[in-house]
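Visitor: I would be grateful for a close look at a single part of this structure, with its surroundings described in detail.

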Amino acid sequence: MNEVTVFIMGKGYRVPAGLTIMKAMEYAGYRLTRGCGCRGGYCGACATVYRLKGDYRLYADLACQTPVQDGMYIAQLPFTPAERPPYALQDLAPEGQTLLALFPELARCVACNTCTKACPQKLEVMDAVQAALRGDIRQVAELTFDCVSCGLCTMRCPAEISHHHVWQLARRLNGAYLTPRAKHVQERVQEIAARKFAVELDAFMSMDRDVLVAAYKAREIEA
Amino acid sequence: MKRLAYFPGCAMKDQARPDEAGTLHALALLGYEIAEIPRWNCCGTVYSLAQDDLMRHVGPVRNLLRVQGMGEKRVLALCAMCYGTLARSARFVQEPERLARINAFLDTEEDFRGGIGVVHLLTLLRDEVGYEKLPSHVKQSLNGLKVATYYGCMLLRPREFAVDDPDRPEVMERVLEALGAVPVPFPERTECCGAYLTVGRKDIVEERVGRILRSARGGGADLVVTTCPLCQFNLTERRPPEAPPLPVLYLGQVLGWAFGADEPTIAALLVGQPTPGEPVSSGGAR
Ligand code: SF4
Ligand code: SF4
Ligand code: FES
């Protein structure tokens, strides 16, 4: 078997080449109760940092998405302490200063770009911080659409910004105030309120559980 | 058309939009093709006074690097603060050892080679366009409007980056004269407005702003003109109750209006002035 040596939290293990970091850790005997979720690159739970022999860079990636390499030094970061001030979306306006007022530390960004280098999603993280600084909420929302809240940028930032919480607020403001309402959804909601589908819905509501489950399983799924 | 790389800075895209709009309108008429720097970041605002604070220069240098990437040799800033920060960093990296360290840090970018000049709108108008060219573009003269030219600190200090003689500047007066305005005597025009103390010590800012506005009014001004969004904020939002209620506009707004753009404040101020539209011969009340 083709094997490589990796160092997990400083201890060396021989593991099969081609495994992801996450599988290599399990192969080495770790039982993951934190720092592991979807295993598909979506949940952001498996933030991991590593170094390679002879390379000064500190790499950051998702353990479930990254194959092991020989001589990797690995540590997981199952949780990122990050500050999220309380807010009520309905009391906020989608204006220039809103993000900065809640996250004043945005102004500490020195444009080092370390966050961008850390992002496993290859987002332009620094550009998003800069957009937040100048109050361009829509731009922040668009640049961070694929953020998985892994927190790696936040752990690396010398300005101690809690990036993913800023992104979340920007996307909420964008969704609530800046994005045009989908007309067909509103129409459908009105139709439902006007009981256009009353017969069908009432039939489901009065179904026996077993019948309902069977109907659910037999439903047509769009390809 | 002359291509000119342009660094807007955060304020131009938010609170200071009218400044940008007026300036870009005017620069187009003066034959400039304005090319906004791609993916610019904050200039760094308050530059560090520490001698060895290399990190604070990374942001400004990254912007200069983008200018280099555009194949341009210089960059225009409108905000007094952005101008100061960029100009300072451009000079900071003139020392090879510092440049090498910054380049080593910016390991995902091409190397910065230095040699990018930073110009401010005022120096551009003075040194490249020339005051004498301005009147021929004036569509509506300021018609003798009495203006107080507020420089504040950032345009003139520190001395190495001053756009003009720090003690007796005249560039803003000369530009406004060319547009038909009459600059008034304004002893406090280079005094600091209090800048960032506006966050923690409003009282100090209010005291200064009151003094600055009284000085402007004392000279007979109807309007205060500035190039800094923070000065503009302080002069309007931090004025003590007894201060004269003078309007405060950006240079770009005034320039844009003179070159035919819409600007309600100036239009309102000029109501009742003699023969609007007639260019007025310049001649200082300075
Ligand atoms: S932006 Fe930050 S939190 Fe979001 S995916 Fe990238 S590194 Fe993770
Ligand atoms: S890591 Fe922090 S300081 Fe550096 S560019 Fe990103 S947000 Fe700015
Ligand atoms: S476990 Fe969900 S992204 Fe890796």
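**An enclosed helix and its setting**

Guide: In this predicted model, helix 4 of chain A (residues 125-133) has 9 of its 9 residues buried, so the helix is largely enclosed by the rest of the structure. The buried residues are V125(A), M126(A), D127(A), A128(A), V129(A), Q130(A), A131(A), A132(A) and L133(A). They pack against several helices of chain A, namely helix 2 (98-102), helix 3 (114-118), helix 5 (137-143), helix 6 (152-156) and helix 7 (163-178), and also against helix 2 (55-69) of chain B. Just beyond helix 4 of chain A, G135(A) adopts a positive phi of about 80°.

In soluble globular proteins, nonpolar side chains tend to be buried together. Here the largest nonpolar core holds 128 residues, of which L99(A), L106(A), L176(B) and L179(B) touch the most other members. Helix 3 of chain B (residues 80-92) gives the most to this core, contributing 8 residues. Apart from neighbours within four places in sequence, L176(B) is in contact with L142(B), V147(B), T149(B), A181(B), V225(B), L251(B) and V254(B). A second, separate core comprises 28 residues, including V4(A), V49(A), A60(A) and A118(A).

One of the contacts of L176(B), L251(B), also takes part in a helix pair of chain B. The axes of helix 1 (residues 17-29) and helix 10 (residues 251-258) of chain B come within 7 Å and cross at roughly 40°, which means that helix 1 of chain B is oblique to helix 10 of chain B. The crossing is left-handed. Helix 1 of chain B makes the contact through P18(B), D19(B), G22(B), T23(B), H25(B) and A26(B), and helix 10 of chain B through L251(B), G252(B), Q253(B), L255(B) and G256(B). By class, this contact has 4 nonpolar, 6 polar and 1 charged residues.

Chain B also has buried residues in helix 5 (residues 121-129): L121(B), L122(B), T123(B), L124(B), L125(B) and V129(B). Within helix 5 of chain B lies T123(B), which counts as buried because its relative accessible area is 11%, against a cut-off of under 20%. Apart from neighbours within four places in sequence, T123(B) is in contact with E128(B) and V163(B). Just after helix 5 of chain B, G130(B) takes a positive phi of about 95°.

Definitions and conventions. Residues are numbered from 1 along each chain as its sequence is written. Chains are lettered from A and ligands numbered from 1 in the order in which they are written. This is a predicted model: local features need pLDDT of at least 70, side-chain atom pairs count only at pLDDT 80 or more; totals for chains, interfaces and linings use all residues. Side-chain values use heavy atoms; hydrogens and water are left out. Axes are lines fitted to C-alpha atoms, for helices over the stretch in contact, and angles run from 0 to 180 degrees between N-to-C directions. Helices (H or I, at least four residues) and strands (E, at least two) are DSSP runs, numbered from the N terminus. Angles under 35 degrees count as roughly parallel, over 145 as roughly antiparallel, 65 to 115 as roughly perpendicular and the rest as oblique. A crossing is left-handed if the near helix is turned anticlockwise from the far one by less than a right angle, and right-handed if clockwise. Contact means heavy atoms within 4.5 Å. Ala, Val, Leu, Ile, Met, Phe, Trp, Tyr, Cys and Pro count as nonpolar, Asp, Glu, Lys and Arg as charged, and the others, Gly among them, as polar. A nonpolar core is a set of buried Ala, Val, Leu, Ile, Met, Phe, Trp, Tyr and Cys residues joined through side-chain atoms within 4.5 Å. Buried means under 20% relative accessible area, exposed over 50%, partly exposed in between (1.4 Å probe, protein chains only).
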